[in-house]
Amino acid sequence: MTWIKRIGFFLLTNFLIMTTISIVTSFLGAMGFSIRAYGLDLTQLLVFCFMWGMAGSFISLLLSKTMAKWTMGVQIIDPKKASSAEMDVYRRVQSLAQRAQLPMPEVGIYNSPEVNAFATGASKSSSLVAVSTGLLERMDQKELEGVLAHELSHIANGDMVTLTLIQGLVNSFAMFISRIIAYIASNRVNEDMAYLVRIVVTIVLDIAFTILGSIAVAYFSRKREFRADAGGAKLAGRDAMVSALEKLRTLVDEPEDERGAAIASLKISSQKGGFLSLFATHPALEERILALKQMR
């Protein structure tokens, strides 16, 4: 199932990031900055882990728009060359951005049968809103307005930056705890094995703690969807937002574009279920619709 692949890709990405950091810092002797002859310098280790943990997250943020365009094949709408359908999307985003008092984002369309959309970018002044051709074909004007308002609310709320900070903190915490445990473990073996034990334990625990930390990141991602829904309702009207989510609910069993695994958390909807729902980036559509209907 696509949602399982997306969760797997999310965990695999963190696996590769933390493994790379562990190998580089260990084999280049970076751990020597934190481990001294008389013991463990926790302050120095904390600073070291914070710098490395946050660096990877912010690099991902800075590259997010470029990677999204490349991954999904997004074609940016040029108002001078756009078709009438493209201009309709562009003008809707422009109007909603003015209402939200946001700088005009780039607007794009990607060719895919899935009914979805996403927003990304490193800042409010450098953002992108993209919709699928499937969404344009399957949703009416009212529903489209709700989807675009939802995505612009993500930008207005600064969700991309906040999620980056949380992921960076999770990575930092994972590195910090794993190195403390690895240091303790290396002191429990023969001196000739200590270095190898420290490297292996560090890498294994980096991965394990990052996977556990991903649950916290996914929890925040689900919460931000409720806020974006509420923001979309304020921009486009509650009926438009509810209609958009209702349409998505009728299409929940349809296949999603597998190219979007890397940006699943950015989209308006993503499938999940069972135990793996702990790693889901989006709440159930039923919960989101109910929250909107109960919103004052």
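The model is predicted: local features need pLDDT of at least 70, side-chain atom pairs count only at pLDDT 80 or more, and totals for chains, interfaces and linings use all residues. Residues are numbered from 1 along each chain as its sequence is written, and side-chain values use heavy atoms, with hydrogens and water left out.

**The whole protein**

Start with a cartoon view. The secondary structure comes to 9 helices and 6 strands; helices (H or I, at least four residues) and strands (E, at least two) are DSSP runs, numbered from the N terminus. Of the 296 residues, 51% are buried. Buried means under 20% relative accessible area, exposed over 50%, and partly exposed in between (1.4 Å probe, protein chains only).

Switch to a surface. The protein exposes about 14,100 Å², and carbon and sulfur atoms supply 63% of that area; accessible areas come from the Shrake-Rupley method with a 1.4 Å probe, and for residues only the protein chains shown count as cover. Among contacts between residues at least 6 apart in sequence, 72% join residues at least 24 apart. Contact means heavy atoms within 4.5 Å.

**Helices H2 and H6**

Select residues 42-72 for H2 and 159-186 for H6. Their axes come within 7 Å and cross at roughly 145 degrees. Axes are lines fitted to C-alpha atoms, for helices over the stretch in contact, and angles run from 0 to 180 degrees between N-to-C directions. The crossing of H2 and H6 is right-handed. A crossing is left-handed if the near helix is turned anticlockwise from the far one by less than a right angle, and right-handed if clockwise. The residues of this contact divide into 17 nonpolar, 7 polar and 1 charged. Here Ala, Val, Leu, Ile, Met, Phe, Trp, Tyr, Cys and Pro count as nonpolar, Asp, Glu, Lys and Arg as charged, and the others, Gly among them, as polar.

**Helices H5 and H7**

Next select H5 (residues 141-157) and H7 (residues 191-236), which pack at an angle of about 120 degrees with their axes 7 Å apart. That angle makes H5 oblique to H7; angles under 35 degrees count as roughly parallel, over 145 as roughly antiparallel, 65 to 115 as roughly perpendicular and the rest as oblique. H5 passes H7 in a right-handed crossing. To see the contact, show side chains including Ala149, Leu152 and Asn157 of H5, and Arg224, Ala228 and Leu235 of H7. By class, the contact of H5 with H7 has 5 nonpolar, 7 polar and 5 charged residues.

**Helices H8 and H9**

Move on to H8 (residues 238-250) and H9 (residues 285-294). Their packing angle is about 165 degrees, and their axes are 10 Å apart. This makes H8 roughly antiparallel to H9. H8 passes H9 in a left-handed crossing. The residues that meet include Met241, Val242 and Leu245 in H8, and Leu285, Ile289 and Leu292 in H9. The contact of H8 with H9 divides into 7 nonpolar, 1 polar and 6 charged residues.

**Single residues**

Zoom in on Val89, in helix H3. Val89 counts as buried, at 1% relative accessibility. Leaving aside neighbours within four places in sequence, Val89 is in contact with Ile77, Val107, Val131, Leu136, Leu144 and Leu148. A distance drawn between the C-alpha atoms of Val89 and Val131, 42 residues apart along the chain, reads 8.9 Å.

Is Gln101 buried or exposed? Gln101 is exposed, with a relative accessible area of 72%. Its phi is near 60 degrees, a positive value in a residue other than glycine.

Pro105 sits in the loop between H3 and S4, and is buried at 5% relative accessible area. Not counting residues up to four places away in sequence, Pro105 touches Val93, Ala97, Ser127, Leu128, Val129, Leu152 and Ile155. Pro105 and Lys124 are 19 residues apart in sequence and 7.8 Å apart in space, C-alpha to C-alpha.

Now select Glu143 in H5. Glu143 counts as buried, at 9% relative accessibility. Which residues does Glu143 contact, leaving aside neighbours within four places in sequence? They are Arg138, Ala240, Ser243, Ala244 and Lys247.

Finish at Ala216 in H7. Ala216 is partly exposed, with a relative accessible area of 42%. The C-alpha atoms of Ala216 and Leu278 are separated by 8.7 Å, and the two residues are 62 apart along the chain.
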